[in-house]
Every structure is written in C-alpha cells, then in structure tokens.
Amino acid sequence: MKKLLYILFIGISIQNVSGQDLKPQYQKFVKSFIDNVKNDRKEAVATAIKYPLRRENPIPSIKNKAEFVKRYAEIFDAKLKAEISKSDPAKDWSEVGWRGIMLNQGTMWMDTDGKVFSISYQSKVENDLKNKLIASEKNKLHPSIAKFKAPEVILETSKFRVRIDDLGNDNYRYASWSIKQSMSEKPDLIITNGKWFRDGTGGNNHYDFKKGNFLYQCYITVLGTKDSAPANLTIYQNGKEILNQDAKIVPR
C-alpha cells in the first residue's frame, strides 16, 4: 500500500527530503536505541515506540508496549535488525526539519524526543500476514466489491459507511452503504477510476470520485488541530456542495 509512509507516517516523498547532520543530543538516544535492537532488548525497544504504531493495511496497529513485545519478531526480522545495528547515528540518521529523524532513506522515523513513530519496513512475516488478512477480508465482502489489489480506508459518517480500495494502476474504488448496512450487502453506490491526492507535506490527503455530475471527495486528516475530525465526506452536484459530513476512520 503506497501510502503507508503517507498515511502511516506523514506521507512525504523521500526522494524530495534533504536531511541535516544529526545533532549530538539526538545521537545519544539513537545510539541507545541501536544498542537495544542489537541486543534484542525488546522491553527497552518497546519503551522507545510511540503508540499506536501503524502497520500497513489491513495489519492492525500495535496499540501498546505489551502488544509490541508480543509482535516484535513480526517487524524486527534479521534484515531490519542488521540495518539498525550497523547504522551510524552521525551518518545514517538525519534530522529532517519538523518531520523528525529518519534512518537512511526513511526505513524508520523518530521524533526529537527519541520516540519511534513510524517503521516503513515490512518483513516477510508481515507481508504474508497482510496477504492472508486481505484474502479473509475479501471473503466477507459482497461479491461486487470482492476484487481489489489492496484495502485503503473505511470511513463512517452519521449516515454512511464508505469503503475505498486500491484496484491498481492509480485506480481507486468508492463503495458506500447506509450506516446500518453491512459490507457483506450490496453497496448502494460503487464508483471506480477514483484518484488520490496529497494535500501538502503534512500527510493530509484526499480521494476524488466522479459519477455523472456528482463529485465525491473523501478527506483524510493526518495533521490537523485538536478539533479536526479524522476524515470528511463532501459531495458536490454540478459544483454545488450538497453534503458535508465528518467521519471516523474504522480500524481493522
């Protein structure tokens, strides 16, 4: 899922990021983190994680320290541990402005308090789990929407349940039901050929779906105020707004 870095850690394009040499005060906690990973101190590593730690859809986020310790080996396989263990705090970790501190080209991100808030690396165990969960999810959906490349997001407003899936080749599908309906039922509306857009560098993004003279926009808020809703559904007819509802993002 292409927006893991995005949705899951502020959606920036690594190719366009220029890091700065890591300050000595940051090198200190990075060095400690490296040492804990190198020696498999799971509890200590878990203390350095900012929760929930998001994983690629539909893998559930890691909610707390105890769950992280339990799932440690799913993420920290030999390859990731080697990359971290061999890294040099001064050379391989860099400060990227307000975005935080990244390892190499974005394998991992820390904030300036030493908390890891994103791990973009995916082990074989997680990849296999993702594929298994996707297959299970497809079996629970109405046949009309059971084919897709990857799940994107499920939104719920006061009236509607909206599911967005990646069909591949920059093609997204919108399916919606009444909030009282199940996704195993036939959707009231299905729209394909939707597009995804990044809104600035803060991670906010939205999807556009067009059908006739209607435009359906689904906004995802990653960086907002304390009063910002996690998401929003806005519908336009002939350019005129006819519906605007805040939405929550349904966890898997």
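Let's start with strand β10 (residues 205–211): 5 of its 7 residues are buried, so β10 is largely enclosed by the rest of the structure. Buried here means under 20% relative accessible area, while exposed means over 50% and partly exposed lies in between (1.4 Å probe, protein chains only). Strands (E, at least two residues) and helices (H or I, at least four) are DSSP runs, numbered from the N terminus.

Before going on, keep in mind that this is a predicted model, in which local features need pLDDT of at least 70, side-chain atom pairs count only at pLDDT 80 or more, and totals for chains, interfaces and linings use all residues. Residues are numbered from 1 along each chain as its sequence is written, and side-chain values use heavy atoms, with hydrogens and water left out.

**The whole chain**

The protein chain has 6 helices and 13 strands. Its C-alpha trace spans about 55 × 35 × 30 Å along the principal axes. Why does a radius of gyration of 20 Å agree with a compact globule? Because a compact globule with 252 residues would have one near 18 Å, and 20 Å agrees with that. The radius is taken over C-alpha atoms, and the globule rule is 2.2 Å times the number of residues to the power 0.38. Of the 252 residues, 48% count as buried.

**The barrel**

In the order β6-β7-β8-β9-β10-β11-β12-β13, 8 strands close into a barrel, and their pairing is antiparallel. From one strand to the next, the twist averages 30 degrees. Two strands count as paired if DSSP finds at least two bridges between them. Here are some of the pairs:

| Strand pair | Bridges | Facing residues |
|---|---|---|
| β7 (residues 160–168) and β8 | 8 bridges | glycine 168 and asparagine 171 |
| β8 and β9 | 4 bridges | serine 176 and leucine 189 |
| β9 (residues 189–198) and β10 | 4 bridges | tryptophan 196 and tyrosine 207 |
| β10 and β11 (residues 214–220) | 7 bridges | histidine 206 and tyrosine 219 |
| β12 (residues 231–237) and β13 (residues 240–249) | 7 bridges | tyrosine 236 and glutamate 241 |

β7 and β8 have 2 residues between them, and asparagine 169 in the turn has a positive phi of about 55 degrees. β10 and β11 also have 2 residues between them, with glycine 212 in the turn showing a positive phi of about 60 degrees. As for β8 (residues 171–178), this strand is mostly covered, with 7 of its 8 residues buried.

Over in β11 you'll find glutamine 217. Is glutamine 217 buried or exposed? Its relative accessibility is 9%, so glutamine 217 counts as buried. Leaving out residues up to four places away in sequence, glutamine 217 touches His206, Tyr207 and Asp208, along with Asn232, Leu233, Thr234 and Tyr236. Touching, or contact, means heavy atoms within 4.5 Å. The glutamine 217 side chain also makes a polar contact with the side chain of tyrosine 219, at 3.2 Å. A polar contact is a pair of N or O atoms within 3.5 Å; within protein, one must be able to donate a hydrogen and the other to accept it, and residues adjacent in sequence count only if both atoms are side-chain atoms.

**The cores**

In soluble globular proteins, nonpolar side chains tend to be buried together. A nonpolar core is a set of buried Ala, Val, Leu, Ile, Met, Phe, Trp, Tyr and Cys residues joined through side-chain atoms within 4.5 Å. The largest one has 26 residues, and those touching the most other members are Phe33, Phe68, Phe76, Ile84, Trp93, Met108 and Ile119. Elements that give two or more residues to this core include α2 (24–38), α4 (65–75) and β5 (116–119). The biggest giver is α2, with 5 residues. Phenylalanine 33 touches, among others, Val45, Phe76, Trp93 and Met110, not counting residues up to four places away in sequence. A second, separate core has 19 residues, including Cys218, Ile220, Leu233 and Ile235.

**A loop residue**

Last stop: asparagine 104, in the loop between β3 (101–103) and β4 (108–110). At 27% relative accessibility, asparagine 104 counts as partly exposed. Its contacts, not counting residues up to four places away in sequence, are Glu83 and Asp92. With glutamate 83, the asparagine 104 side chain makes a side-chain polar contact at 2.7 Å. Isoleucine 249 is 145 residues from asparagine 104 in sequence and 31 Å from it in space, C-alpha to C-alpha.

Methods. Axes fitted to C-alpha atoms, helices over the stretch in contact; angles between N-to-C directions.
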